[in-house]
Amino acid sequence: MANNIKSILVEFDPNGSLANTHKDQGSDMGLFGGFLGWEADDERLPKSDYHISEAGIKVQFAIRDIAAKHLNTYQITLSNSLETRTVTAISTGGGMIEVIAIDGIGVSMMGDFYETLIYCKTPDRILELINRGMSYDYLIVHNENPHFIEIKAQSFPEEFLQVQLASMEDVMFIKKLCPVLPVLSRKDIIVPFVTCNEMLDYNKNKNLSLLELAILYESERGNTSEEEIFGKMRKIVHTIKDSIKCGLQGTQYTDRLLGSQSVNFRTQLQNKRLVETGALNIVVMYVSALMEVKSSMGVIVAAPTAGSCGTLPGAVMGTADFLGVSEDEIVKAMLVAGLIGIFISSQSTFAGEVAGCGVEYGSGGSMASAAIVYLSKGTLSQSIAAASMVLQSTLGMTCTPIANRVEAPCLGNNVMAATNAISFANMALSGYDELIPLDEVIETMYTIGMGIPHEFKCTNIGGLCATKTAKEIERKLRSAAF
């Protein structure tokens, strides 16, 4: 919309999860920030409703049948005095979004290309000019009404080509959509593996470590050097460290269930008033701190999701601090965890609204357990065994946040998954048999998750959120908000 938005209609399907959760769980905040052109770590986000009003943008929400096939579907209509555009998108978990329609025409955009849309009367002469004037990854002609040509590339067309295109009689207007993902896609990407079994087959007679395989995957997927890979992960680790530090200093936010509890946990731990459990106490403290930063709208890393943001980072950082390992080793361990996440994402989902919270907390715990085995100098097979055992113990978890806030029982679920990660890491290091291969467990997790009733998948309809006490808490929070 070229930064010119005057009115917005956001529509949710009544049978989806967002109809009941969009305001209380912060989706509105993310939308408003996006409409204003902000980044996800902008400190103004908690007040985004005020800022969008000050910008003179009128926003309306509606719950109606939009024939959504995905539980996390957004249908957005944006208008100004010159034009009206619609976009339909789905949230697939872990902060990932896929745009599935623009102006009612089916597309598939995940923010991993520079996207140029050329709205036109007829495409033939335009296609000739594009083919002569630039290289691209994909060129897609959408012949519906309105016609537009979609260019997916590593950059936008050169300025001179844009001028030529804009001057053509057949061209009505051009839209440019920037990528949002830190690693772009490209045509004909070939990665060595996407499942655990494929990785094991690839590694036969190579004897590469899980870290080496993770670096290999990232290098091939992103066309990046080892140095760049470590640099990107180090930035993530620094963000996690800052979040933990912020949480342990105490956080404040009005619209939440739980206050700043990790501060008192640290005090009790320092005063030796808690049962001595070694690394577990540090992990519980870090998980709590991360969850509190999330619920106070601070900056966290959604690893793998915002709701499970305490599990993987809390378990890995807590264990690393207990063991006294270097930051370099933490970065390597997180890359190992990321590779387990690849196996999960290729065969399942991270979205609790789709397949229950096992795919969030279980996945985070599984990734963490493999990383902890790495930190403890375990083998590749031990990391895979630990990852499998954690997932087996979290199958079929429901997602019913109290009062529609992702705090409880979410904090407890994060703590459980993080401490499970350590327990199963130790079991794997001791030679325990996981019995079921990791890929088969991932497939089972997805099958069971898809079978969980709709009301128990973050819809604020059933489970703990439907109890008398939870509804009273929700009522009080909403009264306070107004």
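Mentor: Start with burial: a residue is called buried when its relative accessible area is under 20%, exposed when over 50%, and partly exposed in between. By that cut-off, Asp24 and Arg405 are both buried. Keep in mind that this is a predicted model.

Trainee: What do the side chains of Asp24 and Arg405 form?

Mentor: Side chains of opposite charge can pair when their charged atoms come close. Here Asp24 and Arg405 form a salt bridge, 3.5 Å from N to O. Asp24 sits in the loop between helix 1 (18–21) and helix 2 (27–35), while Arg405 sits in the loop between helix 15 (380–392) and helix 16 (410–429), so the two are 381 residues apart and the pair links distant parts of the chain.

Trainee: How many salt bridges does the structure hold?

Mentor: The structure holds 19. Another one joins the side chains of Glu11 and Arg64, at 2.2 Å from N to O. Glu11 belongs to strand 1 (residues 7–12) and Arg64 to the loop between strand 2 (58–63) and strand 3 (73–79), so this pair ties together parts 53 residues apart in sequence.

Trainee: Is Arg64 buried, exposed or partly exposed?

Mentor: Arg64 is partly exposed, at 39% relative accessible area.

Trainee: What about Glu150 and Lys152?

Mentor: Their side chains meet in a salt bridge of 3.2 Å, N to O. Glu150 is buried at 1% relative accessible area, and Lys152 is buried at 7%.

Technical notes: Residues numbered from 1 in each chain as written. Predicted model: local features only at pLDDT ≥ 70, side-chain atom pairs only at ≥ 80, totals over all residues. Heavy atoms only, no water. Salt bridge = Lys/Arg side-chain N within 4 Å of Asp/Glu carboxyl O. Helix = DSSP H or I, 4+ residues; strand = E, 2+ residues; numbered from the N terminus. Buried < 20%, exposed > 50% of the residue type's maximum accessible area, 1.4 Å probe, protein only.
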